[in-house]
Amino acid sequence: MLRIYFQENPNSIVIKLEGRVAGPWAAELGRLWEEKAPDVAQKKLSLDLRETTFADAGGIKVLRAIYSQTGAAILTGTPWTEYLAEEVASKSSQPADTES
């Protein structure tokens with residue numbers, strides 16, 4: 001399960017995620033981001049991952065897309081979320097691996 005919160009004020013938006021960014025929940029985050037992206041254009045975005053417990057490849061892909069489009073600040077609070085933030089930020093601008 002994943003809870004997704006959008007906390008907005010005039011200058012910024014925080015996307016707060018609680019739970020697992022995986023499977024259909026990752027797809028839902030992607031869908032919501034597509035709807036919300038135009039509203040974020042002139043605002044500072046933060047991704048709050050402090051309550052995230054897991055992310056599969058699809059979840060990381062969605063988070064990378066959000067990060068690469070916005071340069072969002074990533075909020076972490078545990079070794080797991082720090083690792084996830086590094087995965088999202090470090091590979092967001094690099095081409096995908098093409099191993100066979």
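Biologist: Why is Pro 38 called exposed?

Modeller: Its relative accessibility is 59%. Exposed means over 50% relative accessible area, buried under 20%, and partly exposed in between, with a 1.4 Å probe and protein chains only. So Pro 38 counts as exposed. Note that this is a predicted model: local features need pLDDT of at least 70, side-chain atom pairs count only at pLDDT 80 or more, and totals for chains, interfaces and linings use all residues. Residues are numbered from 1 along each chain as its sequence is written, and side-chain values use heavy atoms, with hydrogens and water left out.

Biologist: Where is Pro 38 found?

Modeller: Pro 38 is in helix α1. Helices are DSSP runs of H or I with at least four residues, strands are runs of E with at least two, and both are numbered from the N terminus.

Biologist: What makes Trp 80 and Tyr 83 an aromatic pair, and why is it called tilted?

Modeller: Rings of Phe, Tyr and Trp (its six-membered ring) pair if their centres lie within 6.5 Å. Planes under 30 degrees apart count as stacked, over 60 as edge-to-face, and the rest as tilted. Here the centres are 5.9 Å apart and the planes make 35°. So the pair is tilted. By this rule the count comes to 1 aromatic pair.

Biologist: Why are Trp 80 and Tyr 83 called partly exposed?

Modeller: Trp 80 has a relative accessible area of 27%. Tyr 83 has 43% relative accessibility.

Biologist: What makes Lys 36 count as sitting over the ring of Phe 6?

Modeller: The rule asks for NZ of Lys or CZ of Arg within 6 Å of the ring centre and within 35 degrees of the ring normal. The charged end of Lys 36 is 5.3 Å from the centre of the Phe 6 ring.

Biologist: How do you know that the span of α2 is close to the expected one?

Modeller: The expected span is 1.5 Å times one less than the number of residues. Helix α2 (residues 57-70) has 14 residues and reaches 20 Å from its first C-alpha to its last, close to the 20 Å expected.

Biologist: Why do the buried residues of α2 count as lining one face?

Modeller: Gly 59, Ile 60, Val 62, Leu 63 and Ile 66 are buried. Seen down the axis of α2, they fall within an arc of 160°, so they line one face of the helix. The arc is that of the directions from the helix axis to the C-beta atoms. The face turned away from the buried side carries the exposed residues Ala 57, Lys 61 and Gln 69.
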